Amino acid sequence: SLFKTLKYTKDFPNEGFASIEAAREWVAGFADLYNTKFMHSGIKYVTPHQRHYGLDQEILSKRKETYEQARRSHPERWSGNIRNWDYIKYVALNPVRKDDFFKKTRHLS
């Protein structure tokens, strides 16, 4: 999925790169953007940088507060609960269910 994100980025050079150095430079710039500017739905619309450095906890707390205040101020705009902005303890690229993890590791003991 990262390659698809990279490929469909508006700045992707569809005509190719002039050199391997140009390709490396472009990918390095993309990686920086991906980690510091792109908000990811799987981590509650924060950047990987914010998540990695623990900045997401305050961001999510403020978002939750903002949504709760908006709902109190204009309840007619809300048909249900606010979005869940609670902190996610466990984040993984390829999440594994707890039961599956223990099944796979049981034979190791």
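Q: What pLDDT does the chain average, and how many of the residues score at least 70?
A: This is a predicted model. The chain averages a pLDDT of 88, and 91% of the residues score at least 70.

Q: Where in the chain is confidence lowest, and where is it highest?
A: Confidence is lowest in helix α5 (residues 98-106), with a mean of 65. The highest value belongs to helix α4 (residues 56-73), at 97.

Q: What makes up the secondary structure of the chain?
A: The chain comes to 5 helices and 0 strands. Read from the N terminus on, its elements run α-α-α-α-α.

Q: Why is the chain called more spread out than a compact globule?
A: For 109 residues the globule rule gives 13 Å, whereas the radius of gyration of the chain is 20 Å. The value is well over the rule, so the chain is more spread out than a compact globule. Along the principal axes, the C-alpha atoms fill a box of roughly 55 × 50 × 25 Å.

Q: How much of the chain is made up of buried residues?
A: Buried residues make up 17% of the 109 residues. The accessible surface comes to about 9300 Å², and 53% of that surface belongs to carbon and sulfur atoms.

Q: Why is the pair of W26 and F30 called stacked?
A: The ring centres of W26 and F30 are 5.7 Å apart, and their planes meet at 10°. Ring centres must lie within 6.5 Å to pair, and planes under 30 degrees apart count as stacked.

Q: Where do W26 and F30 lie, and how many residues apart are they?
A: Both lie in helix α2 (residues 20-36), 4 residues apart, which is about one turn of the helix. W26 and F30 are both buried.

Q: Which residues do ring pairs link into a cluster?
A: The cluster holds F12, F17, W26, F30, Y34 and F38. The structure as a whole holds 8 aromatic pairs.

Q: How do you know that R63 lies over the face of W85?
A: R63 is at 5.0 Å from the ring centre of W85. The distance criterion for a charge over a ring is within 6 Å of the centre, alongside a limit of 35 degrees from the ring normal. R63 is listed as lying over the face of W85.

Q: Why is D56 called buried?
A: D56 has a relative accessible area of 1%. Buried means under 20%, so D56 is buried. D56 has its place in helix α4. Leaving aside residues up to four places away in sequence, D56 touches V46, Q50, R51 and Y87.

Q: Why does K44 count as buried, whereas Y45 is partly exposed?
A: K44 has 14% relative accessibility, which is under the 20% limit, so K44 counts as buried. Y45 has a relative accessible area of 33%, which falls between 20% and 50%, so Y45 is partly exposed. K44 is found in the loop between α2 and α3 (48-52), and Y45 is found in the loop between α2 and α3.

Q: What makes phi of K44 and phi of Y45 worth noting?
A: Most residues other than glycine have a negative phi. Phi of K44 is near 65°, a positive value in a residue other than glycine. Phi of Y45 is near 60°, also a positive value in a residue other than glycine.

Q: Why does R83 count as partly exposed?
A: The relative accessibility of R83 is 43%, which lies between 20% and 50%, so R83 counts as partly exposed. R83 lies in the loop between α4 and α5. Not counting residues up to four places away in sequence, R83 touches Y45 and Y67.

Q: Why does K89 count as exposed?
A: Exposed means over 50%, and K89 has 77% relative accessibility, so K89 counts as exposed. K89 lies in the loop between α4 and α5. K89 and E65 are 24 residues apart in sequence, and their C-alpha atoms are 19 Å apart in space.

Note on methods
Residues numbered from 1 in each chain as written. Predicted model: local features only at pLDDT ≥ 70, side-chain atom pairs only at ≥ 80, totals over all residues. Heavy atoms only, no water. Phe/Tyr/Trp six-rings, centres within 6.5 Å; stacked < 30°, edge-to-face > 60°. Helix = DSSP H or I, 4+ residues; strand = E, 2+ residues; numbered from the N terminus. Buried < 20%, exposed > 50% of the residue type's maximum accessible area, 1.4 Å probe, protein only. pLDDT = per-residue confidence, 0-100. Contact = heavy atoms within 4.5 Å. Rg over C-alpha atoms; globule rule 2.2 N^0.38 Å. Areas by Shrake-Rupley, 256 points an atom, 1.4 Å probe, with all protein chains shown as cover.
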